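I opened the model today to go through its strands, cores and charged pairs. These are my notes, in the order I looked things up.

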Amino acid sequence: RRYASPLDADNFHVPEYRNFQTLTWTHPPLAPVTTGWVTESPARREARQIATLGAIQSHFFNRRLVTTAGYRVDDATDYVFQTKRVYPAGFERSSGILAVDPANIRKTSTRGPTKTLGAVLHVTNWVSAYGNFSSNFGSPRGTVVGPDAVVGPTTLGRGMDTGLKFTLLQNKVYLDVGYFDTSSNDETEILNLNLRDNGSIPGAYNAVFTALGNPSGRAPIFNASDAAAVAAMKSAFPLLRPTFNAQGDLLDQASRGYEARVTANPLNGMRLRATYSRTERQRENLYKFTLPMAAQLRAFVDDLQKRNPAVNVGALSTAADAVTIAEYLNLLDERLDLATGGNSTNYGGGGYSFNLAATYDFQQRLKGFDVTLTTLYKSGAYTGTYDVREGGVATGKLLGAKPLLGNSTLELGSGLRYRTRLVWLRNTTVTFQLNVSNLLNETEPVIRRATTPRRIAAPGAPAPEIPRDGSMFVQYFLRDPRAWNLSAKLQF
């Protein structure tokens, strides 16, 4: 996989993740990023899954109602490669960069059942209603969460899709309109919690205990080395520890939307298929451990104040850091508010897509061949927001903020299929199929996120363009280039 940069896209590559890479990047405050090996994400993962599935289908009322029930057991094992922070030569004083550590692997095993239940009700001979409901689970991936830094719980998901099906014009047109929800709970994400400097969420948390244990000009208010004191704190405030230990936290991932699909057979041998889909993706209930932990930390400081009435606990600070405990508590809340807002949206998600496919089966000459042409349009995804200000200038009065959408894409595809029978192999049916995706080889990267500096527009003006010249911090999705897929299927 390749990474794109406004400066030098051709020289960004993702290495084989099990091999520790040599970094050659240039630190941004010193010079623009040029080239170098970069990691795809802070962790790499391998998984093995074994599944056993059983299903049963029944029909009632002269086949007017059809039901399906399924039960599946999954056994999943994950091997997650952990990370370590490295500092290239000449940039030892920088914040470094996270790289995969092949010597540090965390193994997790998960086993559990999933269930599904579906039903179709044929209201008339041309209208049917359907509903499908299912449960699922996922591995916690190995990122540790909570006060004791343990691997997160199993991710629990619920799937649902329901809608109506119509058969029209003497079975020449089929229409399917539906709503779907594929949300999941307790997903594990890093969520800005892997940083440990004073400008981070854990940094503000740890600074409170540092000031309590080493206040300037007086004896400690709380001694983190006193096992009895720590045990008493954990008993009264179960989410608190003297040090912030977690690498990430839990959230719920919502994914809901609508879909309409039309299939038509206008001519003998011709089939048209059109699909419109709109999906809303949103992260919900972020920081399930960290938010209540921050509330308990404030309550703990209040409790220490009651037990030490002669000391202004909130005004304490260390000799090396003049920021007070009360100020760090406020900073912790502010950083959590900011991170919650910034992480609640799936950048690069949302929007809608439209797909149109046309297939023709040759009836006389070239019988056995068919050709397919496809188009896939995707609207610009959510990349951030822009400000609406009076006069369209930075000094104008802020009137509100609106979504800033990325670039839309249109891709073409084609397919060629040939079906025949092999008489010498007991009339075995064989199908050869060649599919070409991204026929025109459109490879311009798709904008995923655009942040600083913020774009500004006047009231009523169109949304501003997102520049690609490096004047704005932009992240990209890469598009798969033209691909050829040749397959053969034999039916005995």
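**Charged pairs**

I began with D370, which is buried at 2% relative accessibility. My cut-offs are under 20% relative accessible area for buried, over 50% for exposed and partly exposed in between, with a 1.4 Å probe and protein chains only. This is a predicted model, in which local features need pLDDT of at least 70 and side-chain atom pairs count only at pLDDT 80 or more, while totals for chains, interfaces and linings use all residues. Residues are numbered from 1 along each chain as its sequence is written, and side-chain values use heavy atoms, with hydrogens and water left out.

I then looked for the partner of D370. The side chain of R417 meets D370 in a salt bridge, 2.8 Å from N to O. R417 lies in strand β18 (residues 409-422) and D370 in strand β15 (residues 369-378), so the pair ties together parts 47 residues apart in sequence. R417 is partly exposed, at 25% relative accessible area. For a salt bridge I require a side-chain nitrogen of Lys or Arg within 4 Å of a carboxyl oxygen of Asp or Glu. Helices (H or I, at least four residues) and strands (E, at least two) are DSSP runs, numbered from the N terminus.

By the salt-bridge rule I get a count of 19. I noted R256 with D181, where the closest N and O atoms are 3.3 Å apart. R256 is in strand β12 and D181 in strand β10, so this pair ties together parts 75 residues apart in sequence. R256 is partly exposed at 30%, and D181 is buried at 16%.

I also checked R307 and D303, which form a salt bridge at 3.0 Å, N to O. Both lie in helix α3, four residues apart, about one turn of the helix. R307 is exposed at 53%; D303 is partly exposed at 27%.

**Strands around β12**

I followed β12 (residues 249-264) next. Strand pairing here needs at least two bridges between the strands in DSSP. β12 runs antiparallel to β10 (residues 173-181), with nine bridges joining them. V173 has A264 of β12 as its bridge partner. Strand β11 (residues 184-189) also pairs with β12 in the antiparallel sense, over four bridges. There I found E189 opposite D249.

On to β13 (residues 270-284): 13 bridges join this strand to β12, again antiparallel. A260 stands opposite Y276. β12 and β13 form a hairpin with five residues between them, and G269 in the turn has a positive phi of about 90°.

Y276 itself is partly exposed, at 35% relative accessible area. I found Y276 in a nonpolar surface patch with Y352, F354 and L356, with about 340 Å² of accessible area together. Strand β14 (residues 352-361) gives the most to this patch, three residues. Patch members need over 30% relative accessible area and no salt bridge; like charges are joined within 9 Å and nonpolar side chains (Val, Leu, Ile, Met, Phe, Trp, Tyr) within 5 Å. Areas come from the Shrake-Rupley method with a 1.4 Å probe, and for residues only the protein chains shown count as cover.

**An open sheet**

I traced three strands in the order β17-β16-β21, an open sheet with mixed pairing. β17 (398-405) and β21 (456-457) are at the edges with a single partner strand each, so one side of each has no neighbour in the sheet. β16 (residues 382-389) and β17 pair antiparallel over seven bridges. T385 stands opposite P403.

**Cores**

Which residues have the most contacts inside the largest nonpolar core? They are L212, F300 and I325, in a core of 37 residues. A core is a set of buried Ala, Val, Leu, Ile, Met, Phe, Trp, Tyr and Cys residues joined through side-chain atoms within 4.5 Å. α1 (201-213), α2 (227-236), α3 (290-307) and α4 (325-343) are the elements giving two or more residues to this core. The largest share, eight residues, comes from α1.

I listed what I325 touches beyond four places in sequence: V208, A211, L212, V301, V313, G314 and L316. Contact means heavy atoms within 4.5 Å. A second, separate core has 10 residues, including Y386, V388, L404 and A457.

**Totals**

Of the 492 residues, 37% count as buried.
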